[in-house]
Protein chains: 2
Amino acid sequence: MASTTDLSTATIKQVDQVVDARWIIPIEPADVVLENHSLIIQGDRILDLLPTAEAVTRYVGKRHFRLTEHVLMPGLVNLHTHAAMSLLRGYADDMPLMRWLQERIWPAESRNVSADFVRDGTQLACWEMLRGGVTCFNDMYFFPQAAAEAALAAGMRAALGITVFEFPSAYGSGAEDYLVKGLAIREALLDEPLLSFCLAPHAPYTVADSSFERVALLADQLDLPVHIHLHETQEEIADSLKAHGVRPLERLRRLGLLGPGLIAVHAVHLDTNEIGLLATHGCHVAHCPTSNMKLASGIAPVGALLQHGVGVGLGSDGAASNNRLDVFQEMRQAALLAKVTSQDAASLPAHQALRMATLEGARALGLAEQIGSLESGKAADLLAVRLDEWDLQPCYCPASHLVYTVGREQVSHVWVAGMLRIDDRIPVDLDIQVLLLNTKMWQNTLLNQN
Amino acid sequence: MASTTDLSTATIKQVDQVVDARWIIPIEPADVVLENHSLIIQGDRILDLLPTAEAVTRYVGKRHFRLTEHVLMPGLVNLHTHAAMSLLRGYADDMPLMRWLQERIWPAESRNVSADFVRDGTQLACWEMLRGGVTCFNDMYFFPQAAAEAALAAGMRAALGITVFEFPSAYGSGAEDYLVKGLAIREALLDEPLLSFCLAPHAPYTVADSSFERVALLADQLDLPVHIHLHETQEEIADSLKAHGVRPLERLRRLGLLGPGLIAVHAVHLDTNEIGLLATHGCHVAHCPTSNMKLASGIAPVGALLQHGVGVGLGSDGAASNNRLDVFQEMRQAALLAKVTSQDAASLPAHQALRMATLEGARALGLAEQIGSLESGKAADLLAVRLDEWDLQPCYCPASHLVYTVGREQVSHVWVAGMLRIDDRIPVDLDIQVLLLNTKMWQNTLLNQN
């Protein structure tokens, strides 16, 4: 008997973490809910995904999570945000877009934005996002070095924008200066496994042709995605027609920017030809439904984009126009908007919303080999949601529950590259008091300027 | 000195409850945020609302709440739900409306709906709503007696539907039977201060002219509101044109049902003339934005309704089509939809959303003298929301925060008629295990039928 036991023990592999879950939605393969499976984590990677009944015979974890009432899924990808603007959450609401920008947001930014502002604001945003199951965000803002520091301090994955626009700011003197600074930051941080970079020309109306040409060249040379606000408002399109004789997307096409690396943020106002153009070039769209509604920009034609095969991920936009960095909310909103717009309740079903919030975001960022689904070899970026809260019962289908019923407050555990960042709803290694003090300080500064 | 102290003490009145709050939004007067005020509760009523600095010199409470980081506001009114359908939460999603009804919802109802189903489902719904700050709901379902029992057991205010439709069900044989039963229940419960009743003809396509005429007569005689699904889908209107030669609203007008007692639920498809008709007759609308989106019904013209002076309250609809009975979500959704539909980010500002979710709901139910605002003499139906959660900072404006930032999970305290129902997020006098067991039993029953 003793020898049998020894033999059996010998075949069991010790691993870093074993996560048993009542349900697992791996995203790839699509539309699947696994029951009573276990995810095996070794270092920063997913080693295996198998039925719990098998897992107990093959693996023993240094740490073992038994998530008996939970669903496990890949971490959410926030495909568009300005993280540091969390300090401007609710600073101005219910105002027409141009007054909101010109009278409130831009003046507040020009008075306050600094490396410290960006570090503190991004830190707040990172922890808000982590607590809500977001493990990776695509950022566009001033002082990306400070944003990078905040993301690394929080242990969060980030795609940082090498932001480009023509006008001067506290961060730099203009497009060339921003490019030089951004590229230097990228060089300095090339070895950080949690960080990647996008070229981030702000928008067609803030970037000159010559800068776009530089961006297109760099995108090719360095194999970087291009993250840009595009076709957000009717005004943007009218202005482009006046200034350039063509709509913004056509202008970008002529400048050589359309391709699989393009992340078109918002993409609200598109004609059929433009949807075809995005599809033909393999471009991606960052759909930000709440922001588009709150700023009255319009409703992106997500149904048509998906039909044409355009990859669509989800973004929260910045907290000044949302006011939550909450990708659960964006999943629900995307599904609801698609249904009402298409007049078809079967549009954008729950599994598709989950895929947009994970793998489609990863694909847009060129990170689909690393994250976005629970497959062996990928980074262990994942989240668990408790589905047993009494006031959310009954639960007939975990996928539907994730999109239509739970809120991010039900997120219980979050891992980034195998590192536990949220442990039974508690942030790991976060001094909340310091975070609150920093936030309060900026709030008081802003209030005293009014 | 001693005599002075005695005199001062003598002027202090002992009351049941004193609630100090960092902010109070009374709804009436409109658009006001009071800072550092106290609400005084005596019995089931609001006795006073005054600065905390004055309150300490005038009142001492048997119970004293010091809500130093909270905003206090009137309890939310859910102006349209089918509470018992909480047992069908997520039972079927992402299906076209008619398939959803015919293949899933109606068969499930016909196999399962009973007094027990309604009691258990309504109990679950009541506690979900209470925990999320809803203190009053307008219900339409089978077995209103069972719903009444559940609401009274939960200590929640309810307007119960005297439901009317032509087809037979486990609850009765047809319109006349439903009316007789509903009116008898109303008679039996006339003395319950938390309960009121609406006549609830289900919809134009399920109720005959003769029944509508009876409803109109009873509404006049008994001074009852009329709660009805109206102009929810294009199909409903097309069917009415075919069957009756007129659109449903015109049919109701001819049958004498338009008036200040009418609560038109959904009101998605309205032409300009119909909006005028609703305004002229002082009708109310129960706007259910999430349900209208999820079922792909359309977007109600709320901006135009408000411009014409139609009173618009907010409803969650049933949990089979939402899937949360969450009026915070409906406030945000109503504000966002109004902005994107009107192409004006200033549409439906935060204070207006708060008013729709409280006083406008109360007005529609004929309860505005009792609830809907924090004014002396009204019932003490109120809620407190904590605004100091670290991941929702900063907070520049409590009204905006309530609509755009917090979720119902930040509701900390809820009172109905002075009775504390939620105490620091914990339901008072609820056996959660029994609630969960009942829910699980129904869930298993339904699953075994698949």
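How many residues apart are B:Glu360 and B:Arg363 in helix α14 of chain B? Let me start there, with the reminder that what we are looking at is a predicted model. The two residues are three apart in helix α14, which spans residues 350-364 of chain B, so about one helical turn separates them.

Over all chains, the search of the whole structure finds 64 salt bridges.

Let me take another pair from chain B, B:Arg63 and B:Asp423, whose closest N and O atoms are 3.1 Å apart in a salt bridge. B:Arg63 belongs to strand β4 (residues 59-74) and B:Asp423 to strand β15 (residues 419-423), so this pair ties together parts of chain B that lie 360 residues apart in sequence. B:Arg63 is partly exposed, at 39% relative accessibility, and B:Asp423 is partly exposed as well, at 24%.

Finally, the arrangement of the two chains. Chain A can be laid on chain B by a turn of 180 degrees with a shift of 0.0 Å along the axis, giving an RMSD of 0.0 Å, and the copies are thus related as by a two-fold rotation axis. Both copies use the same surface, since 100% of the contact residues of chain A recur in chain B. Within chain A, the residue that comes closest to the rotation axis is A:Glu409, with its C-alpha at 3.8 Å.

Key: Residues are numbered from 1 along each chain as its sequence is written. Chains are lettered from A and ligands numbered from 1 in the order in which they are written. This is a predicted model: local features need pLDDT of at least 70, side-chain atom pairs count only at pLDDT 80 or more; totals for chains, interfaces and linings use all residues. Side-chain values use heavy atoms; hydrogens and water are left out. Copies are superposed by least squares on the C-alpha atoms of residues with pLDDT of at least 70 in both. Contact means heavy atoms within 4.5 Å. A salt bridge is a side-chain nitrogen of Lys or Arg within 4 Å of a carboxyl oxygen of Asp or Glu. Helices (H or I, at least four residues) and strands (E, at least two) are DSSP runs, numbered from the N terminus. Buried means under 20% relative accessible area, exposed over 50%, partly exposed in between (1.4 Å probe, protein chains only).
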